[in-house]
Amino acid sequence: MTDPAPSLVIVAGGRARRLGRDKPLVEIGGRAILLRILDATSHIADVVLAVREVPPFERALAAEGWEPGQEGTARPPGAVALRHPSGRSLVVVPDPVPDLGPLAGLASGLTAARSPICVALAGDLPFVTAELVDKLTDRLARAPECDAVVPRARDRAQPLCAAYRQEVRDIAARLLAESSEGSGPSPAMMGLLDRLRVRYVGADDLPGVGDLEAATRGVDSPGDLAWATRRMARG
């Protein structure tokens, strides 16, 4: 029996306060980061894009040939289904409650995904690679005792460049509900990892993926943008 093809969940709902604009739509080397992510994961047919506001992303994707599509499964209110001429499907899912942070985007994205195994990527990763995505999902498929496979880079875990089982959505939803009931701050991704059975992997565990630090580094600030621009110029 072959493993099911994974789904891709792109978490792109942040306000980007430090950068001042939608990070996934920022161009690096003349191409938006979101489109670079989609290019690197073109072999994944089922894509969920979790966002704060749907229209800007719907317009950006329409300019790349994505057209309205029809979905056979239930989607959250306000979601927009798109389809690419290549046959790839994508649904843009609005965060159910804005400003709850990336955990809320991950939960809604996993809920809308079709596959029991998903790779979750922040929407600001211009140098993520197909090789890294495939290594992470393959590791999870071969580790039934784990809920997630998460790389470590730059001396910390990278939960928004990781592979998750779809049922992690339920754990994330409970964590969000507990936070809401207690009127506390929005729970962080690291709090989710504390509740999961996680296999952490480093560069030595992922041969063939190239520069793991660059692949997992997001463009979160002007300094990050300058770094990404320089790296792109070097080729």
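This is a predicted model: local features need pLDDT of at least 70, side-chain atom pairs count only at pLDDT 80 or more; totals for chains, interfaces and linings use all residues.

Biologist: Which residues of helix H4 are buried?

Modeller: Helix H4 covers residues 130-141 and spans 16 Å from its first C-alpha to its last, close to the 16 Å expected. Viewed down the axis of H4, the buried residues fall within an arc of 120°, so they line one face of the helix. The residues in question are Leu132, Val133, Leu136, Thr137 and Leu140.

Biologist: Against which elements do the buried residues of H4 pack?

Modeller: An α-helix has 3.6 residues a turn, so residues three or four places apart point the same way. The partners of the buried residues of H4 are strands E8, E9, E11 and E12 and helix H7.

Biologist: How many nonpolar residues are in the lining of the second largest pocket?

Modeller: This pocket holds about 150 Å³ of space, and strand E7, helix H3 and helix H5 each give two or more residues to its lining. The lining comprises 14 residues, with Pro96, Ala104, Ala107, Ser108 and Thr111 nearest the centre. Of the lining residues, 2 are polar, 2 are charged and the nonpolar ones number 10.

Biologist: Is Ile33 buried or exposed?

Modeller: Ile33 belongs to helix H1, residues 33-40. Among the residues it touches beyond four places in sequence are Lys23, Pro24, Gly123, Leu125 and Val219. The cut-off for burial is under 20% relative accessible area. Ile33 has 0% relative accessibility and therefore counts as buried.

Note on methods: Residues are numbered from 1 along each chain as its sequence is written. Side-chain values use heavy atoms; hydrogens and water are left out. Helices (H or I, at least four residues) and strands (E, at least two) are DSSP runs, numbered from the N terminus. The expected span of a helix is 1.5 Å times one less than its number of residues. Buried means under 20% relative accessible area, exposed over 50%, partly exposed in between (1.4 Å probe, protein chains only). The arc is that of the directions from the helix axis to the C-beta atoms. Contact means heavy atoms within 4.5 Å. On a 1 Å grid over the protein atoms alone, a cavity is a set of points where a 1.4 Å probe fits but cannot get out, and a pocket is an open set with protein on both sides within 12 Å along at least five of seven lines; lining residues have an atom within 4 Å of a point. Grid points are joined across faces, edges and corners, and a volume is the space filled by probe spheres set on the points. Ala, Val, Leu, Ile, Met, Phe, Trp, Tyr, Cys and Pro count as nonpolar, Asp, Glu, Lys and Arg as charged, and the others, Gly among them, as polar.
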